[in-house]
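Thanks for making the time.

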Protein chains: 2
Amino acid sequence: MFANNRITNLLKIKYPIIQGGMVWVSGWKLAAAVSNAGGLGVIGAGSMEPALLVEHIEKCKKATSQTFGVNIPLLYKFSNEFIDICIQQKVPVVITSAGNPKTYTEKLKQAGIIVIHVVSSTVFAQKAEAAGVDAIVAEGFEAGGHNGREETTTFVLIPSVVKTVKIPVIAAGGIATGSQMLAAFALGAEGVQIGTRFIATLESSAHENFKKIIIQGKEGDTMLMLKKIVPTRIYKNNLYNKIAEAEHNGATADQLKSLLEGENKAKSGMFDGKVEDGLIEVGQNISLIDEILPAKKVINQIIKEFEENLNRIKSEF
Amino acid sequence: MFANNRITNLLKIKYPIIQGGMVWVSGWKLAAAVSNAGGLGVIGAGSMEPALLVEHIEKCKKATSQTFGVNIPLLYKFSNEFIDICIQQKVPVVITSAGNPKTYTEKLKQAGIIVIHVVSSTVFAQKAEAAGVDAIVAEGFEAGGHNGREETTTFVLIPSVVKTVKIPVIAAGGIATGSQMLAAFALGAEGVQIGTRFIATLESSAHENFKKIIIQGKEGDTMLMLKKIVPTRIYKNNLYNKIAEAEHNGATADQLKSLLEGENKAKSGMFDGKVEDGLIEVGQNISLIDEILPAKKVINQIIKEFEENLNRIKSEF
């Protein structure tokens, strides 16, 4: 086994790599591919309706015999139904985010489900531990999509959370390569959650245009925006320009919301491929990703780079 | 020798730790203490007048026989005179920032001075390499004080710069502990520049009130502000509240500048100790620093933590 630690033991996985559950791009195909390759595949429920989630869970079960999970943003309108679906379907792992971990943790644990909660601060990590979750995903400012208000980066967040809680910590935000995974472990993490890198895979349900943005994107091409609504890291396209201009001029939350009205801008951008006028939620790491690969190859590459960098460090000191 | 790499060899120092040259807080006392403890001490010239810089260099030379440096922000009104002073005084290392590395690099190198340039992006790192500098400090979004417009964090910036340039890279931003130093090396850095941690030392010229803020500061207590002038990470005090309100309402650059008029707000906050109404430039790491120590003890502690974390990683894999 690559890493015999609390995360690989808890989740019964070979590599302590958790695939981030992301809206519109991470269905059963990606989750099953990641689980079959030795990581934890995760179905992103935040863009699904209940019947579709059931379908994805059933397909995922058929496609892999390994541990997989479902990510449920707790503020989503179907979160209550999703919790019941995961219990009925005996989903092995539920990753909750964007909400209070107290609400469902006990119910899920009583059903024998492993619960992991995503936080953006040390204070929230303490609350999640107190709520009884099994592990924490601590996600830094560089991550794509929804983000914390304090803007704490992975470099600063991880050592603080590790120092404060006793349960294992999974680092997220800014991790797409093996050297970044090693850095996360240096900071005390026992696992990594990787989002953006898995969008640019054959198995993700992202539109090809979105995948192309990830492999062509450069440093500085994303920015944390919409802080008056929910801070969200997005790609700089036409829609970004409109948001940036409005924010520059002091637009209110309502004025910003009006820019997002009409068709679902996230679906339109990430799933339907309208990459200039849709909302493209993606992390800073697009600058480091330059190839669309099968998920299995992504994992093997990250582990290979991790080991190369580990050997480099060992030889340097 | 702790690390026999291109940075320790270039600078003839024991530990690849560069003390950030910071305005108002890093004079000859701090620089000499860091150099005597095995790092590279750096006089921050950005808040000095020419005669004062000469005085600090002369005192530093008397206080240490080890390599030390001077940090010169190139946009500062005295930068031209400072370059000449460093040449006359045979300062071993000049670290330039906030400006074009082409302007003075050749002149400094011809005088036998080692030149290091601070950048916030990979594109700027390439320009600095092309200008002939000996090494790069790549500084992430989590750093205190002036900051890049692209908001790239240390986790994402360092691997990109390391992959792109051939000269050695020193990581900065978010580094105050040994685990963070190890993480920087995992990302490919060969040295670290540490700022905020050295403000909370006996030898820094920061006002005691400022030092107290660093040891009491919590996660989320700093924010990157003033993006319409120069993006600057500051502590959340009364002045911050005024800036935040103005920015929320879409204030122009001129309106923001008017909030900074009158007495020198950086001096007032950091040197004179008016920590509520002054500008407190400081990094996210204040959440991880809880003791005012001699600079030598800071370095020894970081190296000890580095080695502990290195041994932990070695035993885990």
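**Helix packing, domains and the dimer**

The helices H2(B) and H3(B) cross in a right-handed sense; right-handed here has the near helix turned clockwise from the far one by less than a right angle, and left-handed anticlockwise. Before going on: this is a predicted model, where local features need pLDDT of at least 70, side-chain atom pairs count only at pLDDT 80 or more, and totals for chains, interfaces and linings use all residues. Residues are numbered from 1 along each chain as its sequence is written, while chains are lettered from A and ligands numbered from 1 in the order in which they are written.

Back to the pair. H2(B) covers residues 28–36 and packs on H3(B) at an angle of about 30°, with the axes 9 Å apart. Helices (H or I, at least four residues) and strands (E, at least two) are DSSP runs, numbered from the N terminus. Axes are lines fitted to C-alpha atoms, for helices over the stretch in contact, and angles run from 0 to 180 degrees between N-to-C directions. At that angle H2(B) is roughly parallel to H3(B); the classes are roughly parallel under 35 degrees, roughly antiparallel over 145, roughly perpendicular from 65 to 115, and oblique for the rest.

Which residues meet? From H2(B) they are Trp28(B), Ala31(B) and Ala32(B), and from H3(B) His56(B), Lys59(B), Cys60(B) and Ala63(B). Contact means C-beta atoms, placed from the backbone, within 7 Å. By class there are five nonpolar, one polar and one charged. Nonpolar covers Ala, Val, Leu, Ile, Met, Phe, Trp, Tyr, Cys and Pro; charged covers Asp, Glu, Lys and Arg; the others, Gly among them, are polar.

H3(B), residues 50–63, also has H4(B), residues 79–88, as a partner: their axes come within 10 Å and cross at roughly 25°. That makes H3(B) roughly parallel to H4(B). The crossing is right-handed. On H3(B) the contact uses Pro50(B), Leu53(B) and Val54(B), and on H4(B) Glu81(B), Phe82(B) and Ile85(B). Five of these residues are nonpolar, none polar and one charged.

In chain A, take H2(A), residues 28–36, and H14(A), residues 295–316. They pack at about 40° with axes 8 Å apart, which makes H2(A) oblique to H14(A). Leu30(A), Ala33(A) and Val34(A) of H2(A) touch Ala295(A), Lys296(A) and Ile299(A) of H14(A).

Next, domains, with bounds from an automatic or database domain assignment. Chain A has domain 1 (6–205 + 288–311) and domain 2 (218–285). Their C-alpha centres lie 24 Å apart. Domain 1 of chain A gives 22 residues to the contact and domain 2 gives 14.

Last, the two copies. How is chain B laid on chain A? By a turn of 180° and a shift of 0.0 Å along the axis, with an RMSD of 0.0 Å; the two copies are thus related as by a two-fold rotation axis. The superposition is by least squares on the C-alpha atoms of residues with pLDDT of at least 70 in both.

Between the chains, 42 residues of chain B are in contact with 42 residues of chain A. On the chain B side, the elements giving two or more residues are H7(B), H8(B) and H14(B). H8(B) gives the largest share, six residues. That side divides into 15 nonpolar, 21 polar and six charged residues.

Methods. Contact = placed C-beta atoms within 7 Å.
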